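This briefing is meant for a reader who is meeting the structure for the first time. Please look over the sequence and the model, and then follow the points below, topic by topic.

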Amino acid sequence: MKKNICVLGCTGSIGRNVVEIVQRFPDRYRTLVLAAGDNVSLLAEQIKRLEPEVVVVRTEAHAMQLMAMDCARKVTVLFGEKGYEAAATHPDVDMVVAAIVGAAGLLPTVAAVKAGKALALANKESLVMGGKLLMSLAREKGVDILPVDSEHSAIFQCLAGQRKKDVAKLLLTASGGPFRTLDKKSFSTIRPEDALAHPTWSMGRKISIDSATLMNKGLEVIEAMHLFSVPVEKIDVVVHPQSIVHSMVAFCDGSVMAQMGVPDMKGAISLALSWPERLPLDLPLPDFSRMNLHMEKPDLERFPCLRLAFEAAQEGGIFPAVLNAANEVAVEAFLQSRVSFTEIPELITETLLQTENRFVDDMAELIEADAAARVLARSFVERS
């Protein structure tokens, strides 16, 4: 029996890989719902190839543009927040792939969990912002959250069959990004196009900048904390530039289990779709005879965003959400050349310092905190 899939963020890097896997295994999967943002032309191509029943775009104008195309004549076209919620809760969908980038992915992800849908989670911000609330809701609804990030998929695989009480450390690997060896004195001259050129992974613009600052790894630390229910003190980051070891788990007897493979997102995505089975992707194996796997400690002085994420995780409350909101504003401003690369952590620090932390117990308060942090962060951008 085919599994009906809803892809939230179908035109992004994760979404495109999901579409590719679905097309390779048409006897197993059907994309019933596709949800995009602004990329109407790519969505139109995906409609022709996959023939979904429902599609969603960000605005009414995008919906009108799509409905004027021949490919959309037999498709229900929705838009906006209500459209994404309808996509995530479609009664015939078996699994939702949450791959919208940033805080925008929170509400449709929550809607999918409330509806009891199996969830393949690529939107790490949902757990960064509302980890305790979302995981509590998932337990209440009996929803299994399957990780799509390669690091969390690796840890998920290493933990399979193991006792939680035997876990000593989660070791998240990081490529180190394009500036791992660059002199800090040159950081102020980094341009957006430099930061977008990731040495090993092919990713979207926002996550590429996050990878360059190591904020991506910081967000993944907070994600891992909630996903695997471990304190942040039991999570370490190891810089591994070859990206062959996707992450590791250390156990109380000194054993360390690692999950390895070539750096290709299709491995982690396909496992989330097919777990506990594995799909015959025919990805090449790493050539270990030609490798000298390198690992080193992250430099928190040169990459303060990672330090900020650890500190926000330790503080808890709304601070992880504030950190995320300020980072999204800072990255957007950097991509528009309105702030420099070195001003990204400065802007996040200022936003955290000007925010009074508090603990919240519902999503509405969390969203209010996110909005307030964005206003504050944007005011710093205007003054920079």
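In which helix does Asp370 lie? Asp370 lies in helix α15, which covers residues 363–383; helices here are DSSP runs of H or I with at least four residues, strands are runs of E with at least two, and both are numbered from the N terminus. The model is a predicted one, in which local features need pLDDT of at least 70 and side-chain atom pairs count only at pLDDT 80 or more, while totals for chains, interfaces and linings use all residues. Residues are numbered from 1 along each chain as its sequence is written, and side-chain values use heavy atoms, with hydrogens and water left out.

**Overall build**

- The chain has 15 helices and eleven strands, and its C-alpha atoms fill a box of roughly 55 × 50 × 40 Å along the principal axes.
- The radius of gyration of the chain, 20 Å, agrees with a compact globule, because a globule of 384 residues would have a value near 21 Å; the radius is taken over C-alpha atoms, and the globule rule is 2.2 Å times the number of residues to the power 0.38.
- Of the 384 residues, 56% count as buried, where buried means under 20% relative accessible area, exposed means over 50%, and partly exposed lies in between (1.4 Å probe, protein chains only).
- Among contacts in the chain with a separation of 6 or more, 70% come from residues 24 or more positions apart, a contact being heavy atoms within 4.5 Å.

**Surface and charge**

- The accessible surface of the chain is about 17,100 Å², and 51% of this surface belongs to carbon and sulfur atoms; the areas come from the Shrake-Rupley method with a 1.4 Å probe, and for residues only the protein chains shown count as cover.
- The chain has 41 positive and 48 negative charges, whose mean positions are 3 Å apart; Lys and Arg count as positive and Asp and Glu as negative, while His and the chain ends are not counted, and the place of a charge is NZ of Lys, CZ of Arg, CG of Asp or CD of Glu.

**Nonpolar cores**

- The largest nonpolar core has 92 residues, and those with the most contacts inside this core are Leu119, Leu170, Leu323, Phe341 and Ile348; such a core is a set of buried Ala, Val, Leu, Ile, Met, Phe, Trp, Tyr and Cys residues joined through side-chain atoms within 4.5 Å.
- Helix α13, residues 319–335, gives the most to this core, with eleven residues.
- Apart from this core lies another one of 38 residues, among them Ile14, Val40, Leu50 and Met95.
- Phe341, once neighbours within four places in sequence are left aside, is in contact with residues including Phe179, Phe187, Ile190 and Phe334.

**Residues in helices**

- Asp370 counts as buried because its relative accessibility is 9%, and, leaving aside neighbours within four places in sequence, Asp370 is in contact with Ala103, Met129, Ala321 and Ala325.
- Gln157, in helix α7 (residues 150–159), also counts as buried, at 16% relative accessibility, and touches Gln259, Leu271 and Arg278 when residues up to four places away in sequence are not counted.
- Ile207 is found in helix α9 (residues 205–213) and counts as partly exposed because its relative accessibility is 21%.
- Asn216 has its place in helix α10 (residues 215–227) and is buried, with a relative accessible area of 7%.
- Not counting residues up to four places away in sequence, Asn216 touches Lys124, Ile207, Asp210 and Ser211, and Ile207 is in contact with Lys124 as well as Asn216.

**Backbone details in loops**

- A cis peptide bond, with omega of about 10 degrees, joins Trp275 and Pro276, and Pro276 is placed in the loop between α11 (265–274) and α12 (304–315).
- Ser243, in the loop between β9 (235–239) and β10 (245–251), has a positive phi near 55 degrees although this residue is not glycine, and Ser243 is buried, with a relative accessible area of 4%.
- Ser337, in the loop between α13 and α14 (343–353), likewise has a positive phi, about 60 degrees, but Ser337 is exposed, with a relative accessible area of 56%.
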